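Here are my notes on this one, as promised. Have the model open while you go through the points.

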Amino acid sequence: MNIGLQPPGSFRPDDVVLLLKDVTGLVEERDVAVREKEIQAGRHYSENLPIEQVPSEAYLKVFHDLMETGCRRVALYTGALTRLVLSQYPNPVFISLVRAGVPCGVLMRRYARRELGRDIPHYGISIIRGKGFDQNALREILKRHPNSQLIFVDGWTGKGMIATQLQESCEAFNRENHTDVKPILAVLADPAHCTELYATREDFINPSCCLNSTICGLISRTVHNPCIIGADEFHGVRVYREFTGIDLTQFYLDSITAQFVPLQQEILSLYERRSSEDRTPDWSGMRAVRQIGETFGIHDINRIKPSIGETTRVLLRRVPDRVLVQSLNHPDLVHICLLAQEKGVPVVEYRDMPYLCCGLISNQKGADI
């Protein structure tokens, strides 16, 4: 069994242990348009990777502007979420879902250690829609921490598909391994209303969603292709070492961390509010997605990607048909509008949804939209 990448690209080894196989040079990278057709024809998206593009100077400027305005909010939500998790689970292990969950998990570990004096183990493992999480990685964590409470961490929810996948994965894992792993999901933002552990249910802009590998330790999204991943190996990632000169991972993490102390009282206040309120999931995000599907004639909900985070990823690595926005002038949507403009994607104002924006993936089969 491989033991993960330590350090994995540009993440610091005391921040996270990634239980992943380095498949740099082994995994195929495909043009986005070609890859989209293959995915919609039935090839699983985890078998290869899109070619990752370097962000434009204009886009990077928007990112840095968002860092100026958004760091405090991310720090506030991180502190409140960490306190909420630790109040309910006294002996946790943080398991970040690679890729977007890792920066969130790193920040939660840092907050727990620096502000609460708690040294929480933190791992990153792969979860893939339609395949589930990496069972080899989870078995390794259980071997290392047999009596701990496993807390799965992600940055945000879209329509709730990862929450559903996590539940299905835990059920399958428990059947096969005679365990009782719970699908406990903690996120900064839960606009899908699908988990009890969240800091906000607003669809807010987290600057970490704006970039790909250069804000996630120079790693790709995860890969699971039997041609390069053995049955006893962890899921894989490509490491973009060629992007070292433009890597912003530590800049992002350190900028957020620096806000923990100044926000002590605000974090405590938000935590107390969350602790006292009813956080029962009602899955209203999925209902909104189905309504969008009916309105725009989209029968495959996998082509509907609600929330700022998911819309950004559609623009970065899929082939969008259009982007729906609550308001063309919303300040949190500047990077969405710029990406859409750079890629020639129409932006349509659509107010009848609980999300700030939603990306609609183009149908490569010629039906629907």
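Which elements make a right-handed β-α-β unit? My notes start there.

1. The unit consists of strand 8, helix 5 (residues 161-177) and strand 9. Helices (H or I, at least four residues) and strands (E, at least two) are DSSP runs, numbered from the N terminus.

2. Before going further, a word on the ground rules. This is a predicted model, where local features need pLDDT of at least 70, side-chain atom pairs count only at pLDDT 80 or more, and totals for chains, interfaces and linings use all residues. Residues are numbered from 1 along each chain as its sequence is written, and side-chain values use heavy atoms, with hydrogens and water left out.

3. Take a look at strand 8 (residues 149-156) next. Seven of its eight residues are buried, so the rest of the structure largely encloses it. Buried means under 20% relative accessible area, with exposed over 50% and partly exposed in between (1.4 Å probe, protein chains only).

4. Strand 8 has parallel partners, where pairing requires at least two DSSP bridges between the strands. With strand 5 (residues 92-98) there are five bridges, and Ile95 stands opposite Phe152 of strand 8. With strand 9 (residues 185-189), also parallel, there are four bridges; there Val153 has Ala186 as its bridge partner.

5. Now the aromatics. Rings of Phe, Tyr and Trp (its six-membered ring) pair if their centres lie within 6.5 Å; planes under 30 degrees apart are stacked, over 60 edge-to-face, and the rest tilted. That gives six aromatic pairs. One of them is stacked because the rings of Phe133 and Phe152 have centres 5.9 Å apart and planes at 10°. Phe133 sits in strand 7 (residues 132-133) and Phe152 in strand 8, 19 residues apart, so to speak a link between distant parts of the chain.

6. Phe133 also pairs with Phe173, edge-to-face, at 5.9 Å centre to centre and 65° between the planes. This pair ties strand 7 to helix 5, with the two residues 40 apart in the chain. Phe133, Phe152 and Phe173 form one aromatic cluster.

7. Last, helix 9 (residues 308-317): nine of its ten residues are buried, including Ile308, Arg313 and Arg317.

How values were computed
Right-handed = clockwise from strand over helix to strand, strands pointing away.
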